[in-house]
Amino acid sequence: MQETASGLKIVSVGGGTGLSTLLSGLKAFVRKDSLLNADPDARWIETLTAVVTVTDDGGSSGRLREEFQILPPGDIRNCMAALAEDEHLLTRLFQYRFESEGDLSGHSFGNLFLAALAGVTGDFLEAIKVSSEALAIKGRIFPSTVEDVALVAELEDGRVIQGETNIVESRSPIRRLRLSNDSCRPLPETLDAIKHADIITIGPGSLYTSIIPNLLVDGIVDAISDSDALKLYICNIMTQPGETDYFDVEDHLRVLFEYSPNLELDYVIVNTAPIRAALREKYVADGAAQVEFDSLAQNGFEDELNDAFIEMPERAHAFQLICRDVLHEDGLVRHDPDKLARLVLEIRQAEKLAVR
């Protein structure tokens with residue numbers, strides 16, 4: 001492991017609300033001063049890096065992307081807000097969304113601020129850096145690539161459509177997904193962060209539109225595979241209509257490995273807590289259901305939910321399934337930021353103690 005005496009280095013890969021949820025939990029453990037933790041076994045984070053997908057083309061992000069030819073700012077803005085101090089007025093301002101009948105309607109202030117800064121500095125990466133400093137965020141944010149890329153999907157009904165919004169709205173199962181530019185590269189800073197990481201998390205987030213687009217960027221999966229970090233995949237709690245209909249945990253992993261066959265995982269985190277009946281019915285009405293894991297359960301824990309090592313067909317590398325209650329319900333089903341962050345750090349701590 002590459003861990004330094006001053007703390008853990010964590011890289012989180014994803015997008016959407018899943019990534020920002022995880023980051024909001026992990027930021028509580030970020031410390032800037034090594035003197036705050038004299039205990040070398042203490043669970044705390046020195047460097048937290050988010051690698052964010054840039055294929056969003058809907059809503060405010062899509063409008064700004066098309067008009068100003070910049071990367072979509074929405075997921076990046078959400079990560080900034082997640083890594084900032086929640087009580088800061090500036091953070092609330094960044095998340096403020098205009099509601100009117102004019103041209104500003106639907107835009108968030110943070111998206112407009114990033115677009116304006118990109119225009120002033122002439123560099124979207126510099127706009128991210130300056131905005132991050134303004135919010136005093138507890139981490140770093142890198143787009144998975146700075147190239148203008150879109151998602152292209154071949155659907156089960158034979159159609160080939162381009163654009164994340166069109167793919168999601170099609171509500172048709174995806175046969176194959178690719179980037180419009182299959183040779184786009186990540187930032188050198190991203191590859192360096194992955195190389196020196198102690199923990200790399202993938203997910204939670206939409207499998208086809210938040211997770212896989214990052215892994216399709218040339219060099220990302222190879223860098224993850226070459227890293228000595230612990231690699232964790234955090235599975236979604238709910239299926240998504242048109243993307244992962246009827247998917248269980250094994251289906252999520254099957255697709256993940258299909259698009260990144262060289263990817264090796266050490267742990268897969270699965271939520272075990274059932275959602276409330278009323279909320280379940282709400283999701284069912286929209287075509288979504290709670291992700292099940294019965295097929296994997298048969299391999300290691302039929303009677304009770306114990307962690308088990310799992311070997312999937314055609315996978316030479318076994319991984320450990322970690323089953324825990326990481327659920328948060330508040331009108332929507334989400335991962336609980338604090339539970340999830342603590343579990344990630346507990347896994348790292350247990351691994352560290354096991355090798356002593």
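Visitor: Which helix gives the most to the lining of the second largest pocket?
Guide: In this predicted model, helix H6 gives the most to the lining of the second largest pocket, with five residues.
Visitor: And how many residues line that pocket, and which lie nearest its centre?
Guide: The lining of the second largest pocket is made of 14 residues, and those nearest the centre are Lys129, Ser132, Arg140, Ile141 and Phe142. Two elements give two or more residues to this lining, namely helix H6 (124–135) and strand E3 (140–143).
Visitor: What classes are they?
Guide: The lining of the second largest pocket has seven nonpolar, two polar and five charged residues, and the space in this pocket comes to about 310 Å³.
Visitor: OK, what volume does the largest pocket have?
Guide: The largest pocket has a volume of about 990 Å³. It is lined by 40 residues, and the closest to its centre are Gly16, Thr17, Ser206, Gln240 and Arg334.
Visitor: How do those lining residues divide by class?
Guide: In the lining of the largest pocket there are eight nonpolar, 22 polar and 10 charged residues. Among the elements that each supply at least two of the lining residues are helix H1 (16–26), helix H3 (74–83) and strand E13 (333–335).
Visitor: Switching to H3, at what angle do the axes of H3 and H5 cross?
Guide: The axes of H3 and helix H5 (residues 109–121) cross at roughly 110 degrees and come within 9 Å. Because angles of 65 to 115 degrees count as roughly perpendicular, H3 is roughly perpendicular to H5.
Visitor: Which residues make the contact?
Guide: On H3 they are Gly74, Ile76, Arg77 and Met80, while H5 brings Gly110, Asn111 and Leu114.

Conventions. Residues numbered from 1 in each chain as written. Predicted model: local features only at pLDDT ≥ 70, side-chain atom pairs only at ≥ 80, totals over all residues. Heavy atoms only, no water. 1 Å grid on protein atoms, 1.4 Å probe; cavity = no way out; pocket = protein on both sides within 12 Å on 5 of 7 lines; lining within 4 Å. Points joined across faces, edges and corners; volume = space filled by probe spheres on them. Helix = DSSP H or I, 4+ residues; strand = E, 2+ residues; numbered from the N terminus. Nonpolar A, V, L, I, M, F, W, Y, C, P; charged D, E, K, R; others polar. Axes fitted to C-alpha atoms, helices over the stretch in contact; angles between N-to-C directions. Parallel < 35°, antiparallel > 145°, perpendicular 65-115°, else oblique. Contact = heavy atoms within 4.5 Å.
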